[in-house]
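Subject: The structure for you to look at

Hello,

Here is the structure I promised to pass on. Please open it beside this message, and my notes follow below.

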Amino acid sequence: MSSPALARHPEDSMPATAVAEAGSAPAVTPPAPPVSFGTLALRWYRLNRAGLRATAIGIISLLAFLLVWHLLTTYRVVFFVRFTNVPSPLAVYASFTKAMHDPKFLMHILLSCRRIFIGFSLAAIIGVPLGLIMGRFKLVHEIIFPVAEVLRPIPAIAWVPMAIMLWPTNEQSIVFITFLGSFFPILVNTLHGMSLVDPVLVRAAQCLGARERSIFREVYFPASLPHIFTGLTVGMGVAWVSLIAAEMISGQYGIGYFTWEAYSLVQYADIALGMIAIGVLGLGSSLLIRGAGQLVMPWRST
Amino acid sequence: MSEMPANTSKGHIEVRNFSLAYETIEGPVQAVTDTQIHVKPGEFVSIVGPSGCGKSTLLNAVAGFLKPTTGVVTVDGERVNGPSAERGMVFQQYSLFPWKTVRENVEFGLKMRGMPRSQRERAARTLLGLAGLEAFEKHYPEKLSGGMKQRVGIVRALATGPKVLLLDEPFGALDAQTRVIMQQILTNMWQRLKISVLFVTHDIDEAIFLSDRVYCMTARPGSIKAEIPIPLERPRQQSMMMSSEFLALRRGLMSLIREESLKAMGGEISDLGMQGLNIELHGHSLVEIL
Ligand SMILES: Nc1ncnc2c1ncn2[C@@H]1O[C@H](COP(=O)(O)OP(=O)(O)OP(=O)(O)O)[C@@H](O)[C@H]1O
Ligand SMILES: [Mg+2]
């Protein structure tokens with residue numbers, strides 16, 4: 001016997017079956033007979049019916065949206081809002097195919113992605129550990145929290161002039177604004193997660209011999225992960241909002257700049273193209289975070 | 001009793017002149033006063049008492065989570081001053097780490113001790129096998145039934161080979177059938193590992209069925225009202241619960257507890273200014289009805 005708990009009394013050899021019988025729970029399932037592909041497909045369908053339904057309805061509603069858009073623009077409807085200059089879906093599609101062959105458009109997108117990547121990563125790398133430490137050590141919390149509370153309500157866009165003064169290059173100030181936008185949601189949610197850690201789990205760890213560092217790593221951190229990921233998701237959304245605003249105001253490249261420039265150059269189809277690109281990029285990045293969350297928190301995926 | 005390891009010197013719990021008051025805004029709340037208890041090495045001792053009498057408080061002090069206001073808690077002569085892996089604890093609330101699989105939960109204490117991975121995996125498997133849980137080692141706690149969670153909790157607390165095991169109403173949330181099974185599993189593991197157990201419960205049958213000795217506490221502020229040895233022989237069978245010996249013990253304990261519960265409830269009721277209740281009960285006093 002290798003267990004330390006059991007090793008103390010090796011001479012004691014009461015049959016283990018008594019416990020196992022009393023437990024009686026793990027009835028080992030007999031090997032299932034082979035099933036045909038048809039049965040499997042049917043079972044898969046039954047299990048995923050709700051999901052399939054949602055997907056089907058989702059596709060239909062997107063198509064309906066496109067159709068309404070198409071009708072509103074072809075007939076140039078004016079009813080409170082004016083669709084006279086709004087590009088039709090087909091026009092946007094045309095400018096999309098053109099843009100795909102235009103290295104400049106791809107560069108706009110790449111640059112925006114790079115800014116998001118740097119700004120958001122910095123926010124996560126600083127915000128998460130800071131939140132964890134503030135949640136654990138009262139003094140750090142007492143020192144930093146008031147400053148954070150004062151700065152937090154200032155929208156990242158309001159930082160644009162200040163950022164331009166602070167940073168030598170335009171690029172840096174845009175990244176800084178993206179960073180600010182995502183930093184506070186990440187910090188606040190991490191703090192929130194830390195405040196909700198079940199004290200019983202901490203006690204359980206303590207009477208299993210865990211010291212401060214292990215408790216931090218094995219209890220506080222994983223217990224806060226769901227809220228950390230909420231923070232990352234919200235932070236990513238705000239990062240895009242802040243980035244686009246900064247690019248529209250002070251950029252020379254980037255998808256926000258592209259959209260604003262299209263307006264100045266009276267290329268209406270490109271406006272819609274820019275907007276859709278921003279939407280797709282935002283959606284994609286939050287999907288990435290959700291995927292990362294599922295990888296890091298396997299106990300939460302059902 | 002030949003099962004009793006009279007020779008082992010490990011796991012001797014001593015609580016002497018113990019009292020504990022919680023500091024609150026209204027001043028100190030005396031939870032436990034003037035209490036002496038002890039658990040001999042390898043002994044199974046239960047604490048019963050009315051709700052709110054300070055059972056958890058006492059147990060948490062033995063675990064090292066609370067400091068006594070007066071008195072001392074010692075285990076094998078060493079003063080308790082903080083939680084440690086020497087004193088395993090099972091909580092009333094499920095307290096498995098949700099982010100760890102069943103086996104990782106059981107391994108936790110060994111990991112904290114620095115045992116290499118392969119070794120602790122083997123140890124955890126052996127222990128899980130003892131509790132009939134080997135098929136669930138890769139499950140996350142969320143997917144387990146309440147009984148299984150508590151079984152894993154017990155196994156986890158035992159994995160580091162503690163001198164004493166402290167349990168705070170561990171089966172309180174389980175249904176009657178599961179409870180019986182859990183009691184058998186606990187007895188079984190206790191007998192194999194020969195450690196001292198201090199077990200808090202409000203279930204009198206459970207206390208008698210499991211214990212060598214039962215302490216009965218008074219209403220708050222709690223102290224020891226009575227100490228009842230349970231001379232029933234081991235191994236204990238479910239059928240013993242019908243024996244006249246068992247029933248006599250049960251009657252005795254029951255009346256002790258009832259007295260204290262009434263005191264506790266009487267206190268609460270007059271606290272709330274509800275003595276008027278007696279009138280609405282058509283002249284029967286609350287005591288008669290209860
Ligand atoms: N943190 C606290 N602050 C103030 N009073 C407390 C605190 N914890 C417990 N008490 C009070 O101390 C008394 C004893 O509490 P304790 O939890 O030990 O009782 P218990 O016997 O375990 O009760 P139960 O059977 O309901 O679990 C109770 O009256 C409770 O209200
Ligand atoms: Mg309690």
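For the residue classes used below, Ala, Val, Leu, Ile, Met, Phe, Trp, Tyr, Cys and Pro count as nonpolar, Asp, Glu, Lys and Arg as charged, and the others, Gly among them, as polar. Please keep in mind that this is a predicted model.

**The largest pocket**

With those classes, the lining of the largest pocket comes out as 12 nonpolar, two polar and one charged residues. The pocket holds about 480 Å³ of space. Its lining has 15 residues, and those nearest the centre are Trp69(A), Val86(A), Pro87(A), Ala272(A) and Met275(A). Two or more lining residues come from each of helix 4 (49-74), strand 2 (81-82) and helix 13 (268-296) of chain A. Which element gives the most? That is helix 13 of chain A, with five residues. Both domain 1 (37-82) and domain 2 (89-301) of chain A take part, each giving at least three residues to the lining.

**The domains of chain B**

Now to chain B, where the domain assignment gives domain 1 (13-86 + 162-289) and domain 2 (100-160). Their C-alpha centres are 28 Å apart. In the contact between them, domain 1 of chain B supplies 15 residues and domain 2 of chain B supplies 12 residues.

**The six-stranded sheet**

One open sheet of chain B has six strands in the order 6-7-8-3-9-10, with mixed pairing. Strand 6 (87-90) and strand 10 of chain B are at the edges and have a single partner strand each, so one side of each has no neighbour in the sheet. On average, neighbouring strands of this sheet are turned by 15 degrees against each other, direction ignored.

Strand 3 (residues 44-48) and strand 8 (residues 196-200) of chain B are parallel and share four bridges; Ser46(B) has Phe199(B), in strand 8, as its bridge partner. Strand 9 (residues 213-217) and strand 10 (residues 224-229) of chain B run antiparallel and are joined by five bridges. These two strands form a hairpin with six residues between them, and Val214(B) stands opposite Ile228(B) of strand 10.

Helix 4 (residues 146-159) of chain B lies across strand 6 and strand 7 of the chain, at about 175 degrees to strand 6.

**The four-stranded sheet**

A second open sheet of chain B has four strands in the order 2-1-4-5, and here the pairing is antiparallel. Strand 2 (27-39) and strand 5 (78-79) of chain B are its edge strands, each pairing on one side only. Between strand 4 (residues 70-75) and strand 5 of chain B there are two bridges, and Val75(B) has Glu78(B) as its bridge partner in strand 5.

Helix 1 of chain B lies across strand 1 (13-24), strand 2 and strand 4 of the chain, and runs at about 115 degrees to strand 1.

After that, the hairpin of strand 9 and strand 10 in chain B is worth a look.

Best wishes

Definitions and conventions:
Residues numbered from 1 in each chain as written. Chains lettered and ligands numbered in written order. Predicted model: local features only at pLDDT ≥ 70, side-chain atom pairs only at ≥ 80, totals over all residues. Heavy atoms only, no water. 1 Å grid on protein atoms, 1.4 Å probe; cavity = no way out; pocket = protein on both sides within 12 Å on 5 of 7 lines; lining within 4 Å. Points joined across faces, edges and corners; volume = space filled by probe spheres on them. Domains from an automatic or database assignment. Pairing = 2+ DSSP bridges. Axes fitted to C-alpha atoms, helices over the stretch in contact; angles between N-to-C directions. Contact = heavy atoms within 4.5 Å.
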